[in-house]
Amino acid sequence: MTHAPAQVSYLDDGHTLRSWLLTTDHKRIAILYIVAITFFFFAGGFAAFLIRYNLSSPNGLIGSAETYNRLFSMHGILMVWFFLVPAVPVTLGNFLVPLMLGARDLAFPRLNLLSWYLFLAAGLVALYAIVIGGVDTGWTFYTPLTSFYSKGHVVAAVAAIFIAGFSSIATGLNFIVTIHKLRAPGMTWYKMPVFLWSLYATSVILVLATPVLAMTLLLLVFERIFGIGVFDPAIGGDPLLFQHLFWFYSHPAVYVMILPGFGVISEIIPAFSRKELFGYKFVVWASIAIAVIGFLVWGHHMFVAGTSLYSALVFSLLSYMVAVPSAIKVFNWIGTMHKGYIRFDAPMLYAIGFIGLFTTGGLTGLFLAALAADVHLTQTYFVVAHFHYVMVGGMVSAYFAGLHFWWPKITGRLYPEMWGRAGAIIIFVGFNLTFFPQFLLGYLGMPRRYFAYPPHFEALNLLSSSGALILAVGYILPLGYLAWSLFYGERAPANPWGATGLEWTTPSPPPTENFPVTPIVTQAPYQYRQAVAVER
Amino acid sequence: MTTVIVRLVAVASLMYALLAAELAAAFAFPGWGRGGIAVVAATMAGVAAFGFMDLRREGATVWLFAAAAVLWLTILLGLGSLDPLTRTLYSTVSAVP
Amino acid sequence: MSNAAAHDFQFASAEHQRETAISGIWLFLASEALFFGPIFLSWIYARHADPSAFDAGARQTDLMIGLTNTALLIASSFAYSVGLAYIGFGRRRGMVVWLAIAWALGAAFVGLKFGVEWQMDLRKGLFPGPNFGIHGPERSGAQLFFAFYFFGTALHGLHLVVGLGLLAWVIFRAERYTAERHSPVHVVGLYWSFVDIIWLILFPLIYLMGRAS
Amino acid sequence: MSGYFPSATAEGREIDFLILALTLVSCAVLALVFALIFLYMVRYRAESDAYRGAPGRKTWRFEISWTAATLTVFFVLFIWGGDLYVRLFQPPADALQIYVVGKQWMWKVEHQGGQREINALHIPINRSIQLVMTSEDVIHDFSVPAFRIKHDVLPGRYESLWFQVETPGTFELFCTQLCGVGHYSMTGVVVALTQPEFETWLSGAAPSGERDDMAAAGKALFTAHGCSGCHGENGVGGSPATTGVSAPALAGLFGRLVKLQTGATVTADEKFLRDCILTPDKTRIAGYPQIMPSFSGQISEEDVLRLIAHIKSLRSGSRT
């Protein structure tokens, strides 16, 4: 590491392609990831747009059901493994974990770079799989459809996800060891910001759940290549074993997607209410509880799949238990806003939108945890609306909130505030218009993954598709003004929001070694009562 | 130096003794049966972790990771096999004409 | 990592970096343990589907080869630990000798498993599929067992081969390790003992459970 | 489609009531959350000079109260949902059994009397109906939104689903588990008829010509596949003297308790009989050597159902 003079920012510390592609600086790797993530977000988003276009008329508009099946499979695979699972941890997490800890870099910088190259390789294999035809099995790959009857390119798509899994494990491992070993002197566990706690909980899931997915996909490919395997009902194998193993990863994976969002919101609400987080310890242990109990509830995806009655009852009870920590978090955020000094900048608008939409998504999860209601509502558009409310309404809003909140620190530029607020409002409106009608469609019984549907569902589908138009505009807007701000944005001071946290004590953008001298931490996070001077 | 070697020899011989116990459980004592083998296999894994991998000397962080691995495996295998083991409890089709 | 007390810029001391490396490998081994989890769960499911036919298939395996392999791996893990003790006291030559013994025992395991045992099984037509060797009522249950057997041993064998590669890498870079600085030797040792533990669990599942009462 | 709201089955209305309760609970929580947020956004915005006072230190009293409240509400919802699910899971004893076979992209239905339908299911009202379902290839899902029920249909196993319709009408049937290209077209109708209409339909739709119902078709298969060679004519059972081999009697077997070699006793239901035919080594009967060959791959799912219907019709001693 060439120790350039302290004030050279990490962006100016070498402009050659080599200095970017072979960097071990966690900040540069975060930038590389932001570029890759944004590409996959819009690729998956384009597939979603085609799906809504197709569903705007009862007998489908895009040619054949074959294409439609491959479209929603591509949308699912790209969004889950190439946007939602990595999103906050690898972009904001990579950039901020060392900064918030007061460390110079992550514990294993070379492993961090390997994680990005694994992600890149996985992305290329995924694009190759899509270009040669994609899969028609949905992102869930249920057997025996996927192992014997699917004519799609299953092995290529599965290989992409397999590699992306190891990229997640590498990032998770890096974060856990860094948070354990590289905290600044004086930073005890309870002096850490909640964003680090939620990334720690996320990394625990990443490290312990992703290997199970990798093995399950290997078993699936073994069965598809050799025509025989442990899932094959012809020799007494159990297709439900695949579903159990798949959902053992995939339910904790949805907590991997939402937990970093909780962390971002727990940073933004105190910053824009000028008040410390309400019930810090409860929010922290709620994250850890979600990470642990999240592993006990996967059975609620299989209430009608043929599992035993007894296990369904057990999974339903545990699913209600896992909803309690999320409820605690929502109450604590609202408690934080109580008696605060609230400012309505773009990050705060996204955060408030997050609380509303995530709470709606979470509550509809209670419908699906109630056994009898799940019998009617599962596999319909009710489920589609539920997880889009939590993933898109919750996770993507939190990602945009975090992106706007830390944009000055990452790029050294200020984004145009009015455009930021406009984008937040358009996304909120477009989102609700797109996905709220789907709750009604689900209750009326419209099944998921249908290329064409009976005509009496048309009105609500048309409404939903028009909402998707607004949502698309809402997502393209930030791409525009954030890119604009890179070149013409106002130069950002070290602490534009007057927020607490070690990352705001270094200049924006920070020098390569983050802190000229390792900071000593003396007080708990979010001490806004001492009113850090608002320099803006 | 020699104390470390002696300790390792003790661990290795304990492992071979447990291997013999495993065979005994399988053949000599049919009463123990599969449960006995499982218990012996688990102790062998524990002896290897503490003997060869020297878990005792490591800090709290390493203990946390080792305990997490064991706990998550029990979740996967325990809760995962709850469904097939109880599937016949309420046989779906029990109608008697 | 070349000179005596050097350490990467983000660590406070060499000991701090060694401790971080050790906890890193332990966390990786935790994820590897979960990586093998689904194989054990598939054993539970496959056996539960049809216990008698599954055990009939399991009795087709060769207990003697399995037993020798287990003994080999325990000895190899022992040899590696002795090598690690030697470098702990700075005696590099002793380390190289014992690590070479560990490597040889590991290679013997791989040779015995894939060279001898697998060839026997394949000649007996025990690979699951249309021309599966066992006929009669136990056919499907036995095929389930051998689907589990070939998949499990293949994956364990792959981890073993990677381990042999790492062992060779450590032996060839032996001259750079001293009593104070030899964390790569410790890290590869932990991985090697972990692969041994996985076999200690796979061995009874394959060879003993089918033969027990 | 007629008859969607209120649901045509009693359990369906109970599910509607549960969903209504869940909606009310959710709306209450959402109203509380949105009201508080808007209140704080207006009252405590940066510019306003409302009195803030010292920040509360003791937060755990609030935490305990709202956590306890959420836990109790959740527990009530769990009990309610679970109880209804248990009733949905277990069919009543006197249900009319209809066999359903899911095949890539069609539903094949067969009634006891041998009437066969494709993508349609005619049922009498005010009678509990139990569908015994299996699949020939991938996992499908028999879903009737109007009855608020659905259940996956798995290959290699029987899955059961029961309901009792109260109002006649035509209801939509969907497949709700992705099963390939034709997943969206694997739909059909469930027609609920009054008892007399159902009787006339049954006679009208019976297969013309040989007019044999499932049991009779099963009897033909029983001899064609050589079952009678071991189990004797009409399944009276075989012994070394009569049929040259000792084979368990099948007459009157259905519904009886059977002792297996492993010591366990099992009720001889459809699932058990199917296992005996397709995977005999899994169901070794106490007192008999396991010499029965497996017929899996040789007998189609429909023929297995017909054989079972025949075995069920064999009363001990009576000749049908």
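**Group meeting: walking through the four chains**

Let's start with one residue pair: D:Val109 has D:Glu117 as its bridge partner in strand 3 of chain D. Helices and strands here are DSSP runs, H or I with at least four residues for helices and E with at least two for strands, numbered from the N terminus.

Before going on, some housekeeping. This is a predicted model, so local features need pLDDT of at least 70 and side-chain atom pairs count only at pLDDT 80 or more, while totals for chains, interfaces and linings use all residues. Residues are numbered from 1 along each chain as its sequence is written, and chains are lettered from A and ligands numbered from 1 in the order in which they are written.

Okay, back to that pair. Strand 2 of chain D, residues 106-110, runs antiparallel to strand 3, and 3 bridges join them. Two strands pair, by the way, if DSSP finds at least two bridges between them. Both strands sit in an open sheet of 5 strands with mixed pairing, ordered 3-2-1-5-8. Which strands stand at the edges? Strand 3 (116-118) and strand 8 (159-164) of chain D do; each has a single partner strand, so one side of each lacks a neighbour in the sheet. On average, neighbouring strands of this sheet are turned by 25° against each other, direction ignored. Angles like that come from axes, which are lines fitted to C-alpha atoms (for helices, over the stretch in contact), and they run from 0 to 180 degrees between N-to-C directions.

Helix 7 of chain D, residues 301-313, lies across strand 1 (96-103), strand 2 and strand 5 (128-135), and runs at about 165° to strand 1 of chain D.

Now the other sheet in chain D. Again we have an open one with 5 strands and mixed pairing, in the order 4-10-9-6-7. The edges are strand 4 (120-124) and strand 7 (149-153) of chain D, each with a single partner strand, so one side of each has no neighbour in the sheet. Neighbours here are turned by 20° against each other on average, direction ignored.

So is strand 7 of chain D enclosed or open? 5 of its 5 residues are buried, so strand 7 is largely enclosed by the rest of the structure. Buried means 20 or more other C-beta atoms within 10 Å of the residue's own; 12 or fewer is exposed, in between is partly exposed, and the C-beta atoms are placed from the backbone.

Strand 7 of chain D pairs with strand 6 (residues 140-144), antiparallel, through 5 bridges. Going along it, D:His140 stands opposite D:Val153, and D:Asp141 stands opposite D:Asp152. The hairpin has 4 residues between the strands, and D:Arg148 takes a positive phi near 60° there.

On to chain A and its neighbours. 66 residues of chain A are in contact with 64 residues of chain D, where contact means C-beta atoms, placed from the backbone, within 7 Å. Which helix of chain A gives the largest share of that side? Helix 11 of chain A, with 15 residues. By class, the chain A side splits into 43 nonpolar, 16 polar and 7 charged. For the classes, Ala, Val, Leu, Ile, Met, Phe, Trp, Tyr, Cys and Pro are nonpolar, Asp, Glu, Lys and Arg are charged, and the others, Gly among them, are polar.

With chain C, the contact takes 34 residues from chain A and 31 from chain C. Helix 7 (154-181), helix 8 (194-226) and helix 9 (239-273) of chain A each give two or more residues, and helix 8 gives the most, with 10. That side of chain A has 23 nonpolar, 6 polar and 5 charged residues.

Inside chain A, look at helix 14 (residues 381-411) and helix 15 (residues 417-443): their axes come within 8 Å and cross at roughly 170°. That makes the two helices of chain A roughly antiparallel, a label for angles over 145 degrees, with under 35 roughly parallel, 65 to 115 roughly perpendicular and the rest oblique. Their contact has 12 nonpolar, 6 polar and no charged residues.

Chain C has 6 helices and 0 strands. Its C-alpha atoms fill a box of roughly 70 × 30 × 30 Å along the principal axes, and 53% of its 213 residues count as buried.

Last one: chain B divides into domain 1 (1-53) and domain 2 (59-86), with bounds from an automatic or database domain assignment. The C-alpha centres of those domains of chain B lie 21 Å apart.

Conventions. Two residues are in contact if their C-beta atoms, placed from the backbone, lie within 7 Å.
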